[in-house]
Amino acid sequence: MPFGDWYATRIYPGLSAALSWLASPFGFSLTEIVVVVAIVLAVWIFVRAIHRHKAWWRCLLGEAALVLGVMAWLYVGWGFNYFRSDIYTRTGTTPMPYEEAEFQEFLEIFAEELNENWCEVEAIDPEAVEWEVKAWYAALPAECGLCQPRRWQHPKKQLFNRLYSAVGVLGFIGPAFDEMHVNHDVSPLEYPFIFAHEYSHVLGVSNEAEANFWAFEACRASEDPAIRYSAWYMLLSHTAGNIRSILGPEAYEAWGKTLIPEVYVDLELASLHWADLRWDWLARLQHRFYNFFLKQNRIAEGTANYGQVLRLVLSLSEFHDHGEEE
């Protein structure tokens, strides 16, 4: 068994439960506190070295020890999940090869589901979303390789939410204490999908396309029409570019005309909302850094990995409604 799989199945489940339980009494993000403390310590080491006229290499050693210590904590706490087997290997399936007829059939279903599930989502109950999503994840087959949900694992409040909105981060996992975070500025329509995506990371998913896949499946299985619409709406948001590249501009435009106008209104409102909060220069910088980070952690596509959820949906449809099939 590769190291990543051994860690993900033997070490991470207990460690994640323990770390998230230790952090659960605090409503704010302990991971953010760890990062802030690390930055303060790094500045203190530098200033202290100057004040005491220490050799530059001693200062460098101190900074390196601090960085390595924090990185070791973050990788042991969650980061080694990057080295586990992919979802196809874990579930004994193979990626579905592209076949035009089947893809066209899926696009018809996609448009129908988007149109039929559309509803005006003015508010969402976060507790109800959490209960449904956790119940769905708890019923997944063991071969999926996800941890069991814990009742004390809830979204944490962020200290720097405005900064996350500025760079387009809708949520993230805090690997220091396996905490999940959902951006406070996400709309009620986006919230169910983002919650399910980030919670899959807490359960041991590292691949972004896989996290989108589990989020989509968890939300589309809901009895709540708002949560179901969130699934199909966010799938479109993540895969519109992929669909266009496969079909070509003209065929994509023709397919787009089968969607009801209300879907486009929702997309436009979301675009305006996030554009108003975005700081372009900082967002570009964050994108480049995160793209590099993912590629260094066995996600070869970098940030483009998010959009590859479409192939997973086509290849692993048997996980839909798994609870009813049991």
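**Entry 1: helix 8 and helix 9**

I looked up helix 8 (residues 191-202) and helix 9 and found that they pack at an angle of about 130°, with their axes 8 Å apart. I take axes as lines fitted to C-alpha atoms, for helices over the stretch in contact, and angles as running from 0 to 180 degrees between N-to-C directions. Helix 8 is therefore oblique to helix 9; angles under 35 degrees count as roughly parallel, over 145 as roughly antiparallel, 65 to 115 as roughly perpendicular and the rest as oblique. The contact (heavy atoms within 4.5 Å) is made by P192, F193, A196, H197, S200 and H201 of helix 8. Helix 9 brings E208, A211, N212, W214, A215, F216, A218 and C219 to this contact. By class I noted nine nonpolar, four polar and one charged residues. Ala, Val, Leu, Ile, Met, Phe, Trp, Tyr, Cys and Pro count as nonpolar, Asp, Glu, Lys and Arg as charged, and the others, Gly among them, as polar.

I note that the model is predicted, that local features need pLDDT of at least 70 and side-chain atom pairs pLDDT 80 or more, while totals for chains, interfaces and linings use all residues. Residues are numbered from 1 along each chain as its sequence is written, and side-chain values use heavy atoms, with hydrogens and water left out.

**Entry 2: helix 9 and helix 10**

Helix 9 (residues 208-220) also packs with helix 10 (residues 225-247), at an angle of about 150° and with the axes 7 Å apart. Helices here are DSSP runs (H or I, at least four residues), numbered from the N terminus. The two are therefore roughly antiparallel to each other. From helix 9, I listed N212, F216, C219 and R220 in the contact; from helix 10, I listed I227, R228, A231, W232, L235 and H238. This contact has six nonpolar, two polar and two charged residues.

**Entry 3: helix 10 and helix 12**

I then followed helix 10 to helix 12 (residues 261-277), where the axes come within 11 Å and cross at roughly 65°. Helix 10 and helix 12 are therefore roughly perpendicular to each other. Y229, Y233 and L236 of helix 10 meet V263, D266, L267 and A270 of helix 12. I counted by class six nonpolar, no polar and one charged residues in this contact.

**Entry 4: cavity**

On a 1 Å grid over the protein atoms alone, a cavity is a set of points where a 1.4 Å probe fits but cannot get out, and lining residues have an atom within 4 Å of a point. The largest cavity holds about 40 Å³ of space, a volume being the space filled by probe spheres set on the points, which are joined across faces, edges and corners. Its lining consists of P13, S16, A17, C147, Q148, R150, Q153, V202 and L203. Helix 1 (residues 3-23) gives the most to this lining, with three residues. By class the lining has five nonpolar, three polar and one charged residues.

Methods:
1 Å grid on protein atoms, 1.4 Å probe; cavity = no way out; pocket = protein on both sides within 12 Å on 5 of 7 lines; lining within 4 Å.
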